[in-house]
Amino acid sequence: MKGRKPVGVCVGELTTSEAEFISNQRIALGDYLELEYEGYRVLALVKEIKRLNRSLDDSIDPEDAEKIRQFSRGRSFFYGKLTILGDPDRRMFIPRIPPEPGTYIYEASTETLRKVFGKDDGTKIHIGHLLTRPDVPVFIDIDSIVSRHLAILAVTGGGKSNTVSVILEGLLEKDGTVLVFDMHGEYVNFAYEKGGSPAVKRIELALNPVRLHYHEFRIFANVDDSAYIQDRYLRRAFKETVEKVVNGEIQADQFWGHLEGLLQGWAEDEAYKDDRKSITGVLNKVEDMKEAYGELFALNQSPIVEQIEFGKLNVIDLSHVDEKIADIIVSHVLRNVLEARKRSVRELSGGLEFPLFMVLEEAHILASSTVNTRSRYWISRIAREGRKFGLGLCLVTQRPKALDSNALSQANNMVILKLVEPGDQRHVQQASESLSADLVNQLPSLNVGEALLMGKMISVPALVKVKLAKAKRSGNDISAVESWREYKKKLQQVNKELEDIFDPEF
Ligand SMILES: Nc1ncnc2c1ncn2[C@@H]1O[C@H](COP(=O)(O)OP(=O)(O)OP(=O)(O)O)[C@@H](O)[C@H]1O
Ligand SMILES: [Mg+2]
């Protein structure tokens, strides 16, 4: 570090992974420092920082405070803790001998940091810059987020969807193919063009009942599995009808007629007279189901997986369906996507021929820690098996505590923006080995768009200011004041027109 001025010095008990230091320079949380020892030049991250003045500790008498304040002015210093990250020139190797107390620490050079946080070599996404070093751009590795999944966590309004958008833009630039389960209809209008045409492909939300699992069908019909007699008749009618369609004995558009015909027949059959009430109950439920979800069913619909377009932002708009139905749709699609990727990897026909990155907003509803949803099962399966088949998951939530810890712990990569609730922080810390208590303590003090990034996607953990996405989404906060003002203007305009019409002078 010839010619460079140290900014501080190591003190206290030092270990191979952690060092304490004092400094009289202004050192910020998340700063990167360098130290040289045992023949290595090691990068370290400031994970805790305090500012203190030994003359002004909490034991002083309030009456003396002013006098002491005057003579001790300017005598404050910084005390902090470093996480030792490793030697950037030796693949972040961490020396096995700790640094000696008294070792100088230096501000990390821009050159070193740029080397560590990468450049776009065709496999990375530019996500923002280091929080404390705007001159150091930060890149994340695409293969890592697709193969090892990603969780994006923050309080409401913390900047989750903006982060998702930045990542989506980066993926689309590289011909990445994405499927977004759009719970709030935010991404349907994602204004992003690729080669002169819109990048968004809206997936028709139509399910062919013939392609549903019986369990999925049963949820639409609102037949509880504890209503076992109803369950038995519905299952039989469904299976027999699907078989007839698949064997070509009846046309797809005869599905409902055939299904109801079977139930009607049984209801009238003397042989089933003991179950007549239950069978009629099922018939009514099928009627209700058609009425409630009629437009969601399309008898000749090709599978949703076949609609997924390569290189596009494929969006399934779930903003119009309730949570129960969103759960069936998401699980249905996840199951089929996994199946299709497996076929493709095994070189069978009818597969999905390219890797897919899937974004699930409101992940705590779909993969809840308390409610046993169908999606939770498929999310966990893809989280576990996805990497063998090129299926990446991006779980986005404002309630990490309510997210299934199984799914969360499979997300090797994390973008954690502002998190205030201690329960949320604990839950995240438990799911991630590399998240220290010190870093967790910093999460409440982050501002919008400021995030802690960790995992395989980035070579060392970093506090980052995420850039603003270029594409406009719908679903940004509505300004009530502005909307009222605009509405008033509109009212005034209408009143004026009416006055003009009825003006006797006119
Ligand atoms: N990186 C950023 N830089 C500057 N402003 C940002 C950034 N990220 C988000 N914002 C601002 O904060 C607002 C909320 O961001 P965003 O919609 O991404 O939050 P969210 O966490 O998805 O919220 P919600 O929980 O409501 O879905 C945005 O409209 C934007 O103006
Ligand atoms: Mg959002």
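Me: How close do the axes of α6 and helix α7 come, and at what angle do they cross?
Reply: This is a predicted model, where local features need pLDDT of at least 70, side-chain atom pairs count only at pLDDT 80 or more, and totals for chains, interfaces and linings use all residues. Residues are numbered from 1 along each chain as its sequence is written, and chains are lettered from A and ligands numbered from 1 in the order in which they are written. The axes of α6 and α7 (residues 255-268) come within 9 Å and cross at roughly 140 degrees. Axes are lines fitted to C-alpha atoms, for helices over the stretch in contact, and angles run from 0 to 180 degrees between N-to-C directions.

Me: Why is α6 called oblique to α7?
Reply: Under 35 degrees counts as roughly parallel, over 145 as roughly antiparallel, 65 to 115 as roughly perpendicular, and the rest as oblique. The crossing is at roughly 140 degrees, which makes α6 oblique to α7.

Me: Which residues of α6 and α7 meet?
Reply: Tyr233, Ala237, Phe238, Glu240, Thr241, Lys244 and Val245 in α6 meet Phe255, His258, Leu259, Leu262, Leu263 and Trp266 in α7. Contact requires C-beta atoms, placed from the backbone, within 7 Å. By class, this contact has nine nonpolar, two polar and two charged residues. Ala, Val, Leu, Ile, Met, Phe, Trp, Tyr, Cys and Pro count as nonpolar, Asp, Glu, Lys and Arg as charged, and the others, Gly among them, as polar.

Me: What makes α10 and α12 roughly parallel?
Reply: Their axes come within 9 Å and cross at roughly 25 degrees. α10 and α12 are therefore roughly parallel to each other. α10 passes α12 in a left-handed crossing. By class, their contact has nine nonpolar, two polar and six charged residues.

Me: In what order do the six strands of the barrel close?
Reply: The order is β1-β2-β5-β4-β3-β6, with antiparallel pairing. The twist averages 40 degrees from one strand to the next. Two strands pair if DSSP finds at least two bridges between them. Six bridges join β2 (residues 18-23) to β5 (residues 77-86). Glutamate 20 stands opposite lysine 81 in β5.

Me: Which strands are the edges of the open sheet?
Reply: The sheet has 11 strands in the order β8-β7-β19-β18-β17-β9-β16-β15-β10-β14-β13, with mixed pairing. Its edge strands are β8 (133-141) and β13 (200-202), since each pairs on one side only. Three bridges join β17 (residues 413-416) to β18 (residues 450-454), which run antiparallel. Methionine 414 stands opposite methionine 454 in β18.

Me: Which helix gives the most to the shell around ligand 1?
Reply: Helix α4 (residues 160-173) does, with three residues. Helices (H or I, at least four residues) and strands (E, at least two) are DSSP runs, numbered from the N terminus. Near means a C-beta atom, placed from the backbone, within 6 Å of the molecule or strand. Of the 15 residues around ligand 1, Gly159, Lys160, Ser161, Asn162 and Gly449 come nearest. The shell has four nonpolar, nine polar and two charged residues.

Note on methods: Left-handed = near helix turned anticlockwise from the far one by under 90°. Contact = placed C-beta atoms within 7 Å.
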